[in-house]
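Hi everyone, thanks for coming. Let's have a look at this one together, and then I'll walk you through a few places I picked out.

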Amino acid sequence: MPNLFDRVFGRSAPPGSKKSGNMAKERLQFVLIHDRIHLPPEKLDAMKREILAVISKYVSIDNDHVDIALQQRDRNSLLIAEIPFLKTNEGIEEEESNIKTDDDL
Amino acid sequence: MGGKVVTITSGKGGVGKTTTTANIGVALARLNQKVVLIDADIGLRNLDIVMGLENRIVYDLVDVVEGRCKPRQAMIKHKSFPELYLIPAAQTRDKTAVSPADMIQLTDTLRTEFDFIIIDSPAGIERGFRNAVAPADEVLIVTNPEVSAVRDADRVIGLLEAENKGPGQLILNRAKQDMIRKGEMLSPEDVTDLLAIKLIGIVPEDELVIPSSNSGIPVTLNDNSKAGEAFRNIARRLMGEDVPLTPLTESKGLFKRIARLFAGG
């Protein structure tokens with residue numbers, strides 16, 4: 001609930017509704033990032049999956065905390081990836097044995 | 001090198017490129033600059049009618065480029081400003097009648113005589129756009145605070161960067177202060193955050209703009225017009241003067257806000 005102070009100074013959104021100006025900005029932020037590098041969202045997702053698959057061949061990934069996203073710095077686009085690994089030794093050994101079987105094939 | 005070539009473009013049509021070109025041209029002339037405007041929208045001539053010069057056309061841009069007349073012969077002198085000229089677009093030809101090299105050659109000739117050569121680009125990102133941008137020292141991108149216009153502006157800025165003409169400077173046209181205040185329109189800050197380029201002017205929506213086009217007298221000649229004032233400021237900034245951007249969401253005063261609050265909105 002906006003307080004009286006906020007309403008007097010014209011700073012608040014009415015409760016329960018998102019202003020269309022903010023929706024416009026958020027939608028544009030999303031679409032411009034993809035327009036600029038000519039990479040639609042589905043292709044970005046496919047790329048992310050491929051990156052994670054490659055890394056998973058070598059290290060166990062903590063999939064619940066992966067964060068790979070496009071970012072803008074001025075007018076430059078960059079891919080920022082945070083890919084934490086699992087701590088358990090078991091997981092890593094399992095992955096290593098997977099690699100061996102892949103090689104054997 | 002002499003005069004400066006400024007191209008006014010947008011990507012999307014209908015955002016106010018021609019109005020902007022006419023007004024910046026007139027505003028510069030009022031500041032005693034020698035100015036020639038070029039309507040590069042071949043096939044869709046309209047800068048002449050906005051300027052009130054539609055009845056005086058003998059030769060056009062394509063006639064100059066194809067050597068049927070000298071640049072001087074195609075230049076229409078403005079009624080009120082003897083140092084303001086227009087080279088109109090041809091109506092019966094298309095964008096391919098002129099090449100980027102033709103535009104560079106023509107503007108190089110004009111630079112020796114004029115302080116500013118202002119090119120009104122057609123909408124789109126094809127040949128007409130490339131013709132208009134090729135000779136530019138500076139590019140101004142006109143946009144409106146609407147999703148379609150902002151997206152197209154971003155595309156144009158990307159193309160300008162790829163041609164080493166960018167990023168250019170932004171003119172935010174038709175900003176509606178009351179809608180921005182209500183959160184129902186992208187604000188100038190939103191648009192500059194999104195496009196990440198410098199703003200050279202914010203032009204408020206102004207009901208005096210259409211009547212001024214109707215009569216062929218650009219609105220910047222009306223000292224009571226807020227849009228006209230914004231165009232005059234853009235002209236001064238183009239001349240290198242440091243004119244601070246006046247924030248559009250200027251305070252309406254605490255009492256008005258309180259009154260609105262008790263009125264239920």
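**Where the two chains meet**

In this predicted model, 20 residues of chain B are in contact with 20 residues of chain A; contact here means that the C-beta atoms, placed from the backbone, lie within 7 Å. On the chain B side, helix H7 (147-162), helix H9 (188-195) and helix H12 (254-262) are the elements that give two or more residues. H7(B) has the largest share, with seven residues. By class, the chain B side has nine nonpolar, three polar and eight charged residues. Nonpolar covers Ala, Val, Leu, Ile, Met, Phe, Trp, Tyr, Cys and Pro, charged covers Asp, Glu, Lys and Arg, and the others, Gly among them, are polar.

A quick word on conventions. Residues are numbered from 1 along each chain as its sequence is written, while chains are lettered from A and ligands numbered from 1 in the order in which they are written. As the model is predicted, local features need pLDDT of at least 70 and side-chain atom pairs count only at pLDDT 80 or more, whereas totals for chains, interfaces and linings use all residues. Helices (H or I, at least four residues) and strands (E, at least two) are DSSP runs, numbered from the N terminus.

Let's stay with H9(B). Which of its residues are buried? They are B:Asp190, B:Val191, B:Leu194 and B:Leu195, where buried means 20 or more other C-beta atoms within 10 Å of a residue's own, exposed means 12 or fewer, and partly exposed is in between, with C-beta atoms placed from the backbone. Looking down the axis of H9(B), these buried residues fall within an arc of 115°, so they line one face of the helix; the arc is taken from the directions from the helix axis to the C-beta atoms. An α-helix has 3.6 residues a turn, so residues three or four places apart point the same way. And what covers the buried residues of H9(B)? The cover includes helix H2 (20-37) of chain A, together with strand S6 (138-143), H7 and strand S7 (169-175) of chain B.

**Over to chain A**

Chain A has four helices and two strands, running α-α-α-β-β-α from the N terminus. Buried residues make up 5% of its 105 residues. In helix H2 of chain A you'll find A:Arg27, which is exposed, with 12 other C-beta atoms within 10 Å.

**Inside chain B**

The largest nonpolar core has 83 residues, and B:Val35, B:Val36, B:Leu61, B:Ile117, B:Ile118 and B:Ile119 touch the most other members. A nonpolar core is a set of buried Ala, Val, Leu, Ile, Met, Phe, Trp, Tyr and Cys residues joined through C-beta atoms within 7 Å. Leaving out residues up to four places away in sequence, B:Val35 touches several residues, including B:Leu28, B:Leu84, B:Phe116 and B:Ile118.

B:Leu28 also turns up in a helix pair: B:Asn23, B:Ile24, B:Ala27 and B:Leu28 in H1(B) meet B:Phe231, B:Arg232, B:Ile234, B:Ala235 and B:Leu238 in H11(B). That contact has seven nonpolar, one polar and one charged residues. H1 (residues 17-30) and H11 (residues 226-238) of chain B pack at about 65°, with axes 8 Å apart; axes are lines fitted to C-alpha atoms over the stretch in contact, and angles run from 0 to 180 degrees between N-to-C directions.

Happy to take questions!

Methods. Contact = placed C-beta atoms within 7 Å.
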